[in-house]
Amino acid sequence: MDKAWETSKTRRVCIMVLTYIVVIIYSYIIKQSDNILLSSLVPAIGFTLSTLSLNLVRKIWENKINNN
């Protein structure tokens, strides 16, 4: 199940969407600043949020796969 989750399209789309949302919010907060140290936080924050919030999505996905 772990391997199936790691390669699932559901996981990829969720990571993409969450990262995109973080970048949008971040861009508004810093008003598109050129500060490289601040800009470097975007990938780290996006990745962290995606890994933290995907547990719920994974449980729903596992239930769907197990029911089929």
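Glutamate 6 and arginine 11 meet through their side chains in a salt bridge, at 3.4 Å from N to O. A salt bridge here is a side-chain nitrogen of Lys or Arg within 4 Å of a carboxyl oxygen of Asp or Glu. Glutamate 6 is partly exposed, with a relative accessible area of 40%; buried means under 20%, exposed over 50%, and partly exposed in between (1.4 Å probe, protein chains only).

The model is predicted: local features need pLDDT of at least 70, side-chain atom pairs count only at pLDDT 80 or more, and totals for chains, interfaces and linings use all residues. Residues are numbered from 1 along each chain as its sequence is written, and side-chain values use heavy atoms, without hydrogens and water.

The whole structure holds three salt bridges.

| Salt bridge | N to O distance |
|---|---|
| glutamate 6 and arginine 11 | 3.4 Å |
| aspartate 2 and arginine 58 | 2.1 Å |
| glutamate 62 and arginine 58 | 2.8 Å |

Asp2, Arg58 and Glu62 are linked in a network of salt bridges. Glutamate 62 and arginine 58 are separated by about one helical turn, because they are four residues apart in helix H4.

The protein has four helices and zero strands, and its pattern along the sequence is α-α-α-α. Helices (H or I, at least four residues) and strands (E, at least two) are DSSP runs, numbered from the N terminus. Of the 68 residues in the protein, 19% are buried. Among contacts (heavy atoms within 4.5 Å) with a separation of 6 or more, 74% join residues 24 or more positions apart.
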